[in-house]
Amino acid sequence: VKKISFELDRNLSIEHGPGVLTPIYLLERRRIVRVKIQALFSSDDVYNLTHLGASGGTTVSAVLGTGSVVCKFTPQASPERSLQLTVSNFTYQDAQPMYDPKAETALIDIECIGFRSGATLPLSVVGINNVNASYTP
């Protein structure tokens with residue numbers, strides 16, 4: 001993975017009432033978790049998942065391929081300090097290879113949108129700051 005970004009959009013709509021300057025309501029229409037990844041791949045699996053519905057697909061499909069991603073950043077191992085971001089369920093929205101997707105190695109840009117599945121939320125974040133000494137200002 002060369003680059004990765006997470007974009008959280010609460011898609012808020014600010015509603016104003018008659019004759020008032022301050023909002024009377026914030027309407028949250030939907031939450032979108034958008035993940036963008038730039039990565040090197042040695043096969044065309046992700047391209048096929050996005051555009052052909054399955055990693056072994058050979059024709060255009062209306063089925064959206066799905067996946068997941070876990071990113072853990074650990075600047076210090078002991079005591080552990082880390083940040084882990086998990087998108088458990090996402091649909092591939094776009095996969096743009098720089099080269100032919102059948103190439104030996106391709107740099108590919110992928111866009112995905114996370115979704116909720118049952119009790120599994122579209123994004124979970126775990127931060128660990130396991131410092132065994134008190135902070136002093």
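Modeller: Helices here are DSSP runs of H or I with at least four residues, strands are runs of E with at least two, and both are numbered from the N terminus. It's a predicted model, so local features need pLDDT of at least 70, side-chain atom pairs count only at pLDDT 80 or more, and totals for chains, interfaces and linings use all residues. Residues are numbered from 1 along each chain as its sequence is written, and side-chain values use heavy atoms, with hydrogens and water left out.

Biologist: OK, what follows H1?

Modeller: Gly53, and its phi is positive, near 85 degrees.

Biologist: And which residues of H1 are buried?

Modeller: In H1, residues 45–52, those are Val46, Asn48, Leu49, Thr50 and Leu52. Buried means under 20% relative accessible area, exposed over 50%, partly exposed in between, with a 1.4 Å probe and protein chains only.

Biologist: What do they pack against?

Modeller: Strands E4 (32–41), E6 (81–97) and E7 (106–114). Contact there is heavy atoms within 4.5 Å.

Biologist: Phe41 is in E4. Why does it count as partly exposed?

Modeller: Because the relative accessible area of Phe41 is 27%.

Biologist: Switching topic: what classes of residue line the largest pocket?

Modeller: The lining has 6 nonpolar, no polar and 4 charged residues. Nonpolar covers Ala, Val, Leu, Ile, Met, Phe, Trp, Tyr, Cys and Pro, charged covers Asp, Glu, Lys and Arg, and the others, Gly among them, are polar.
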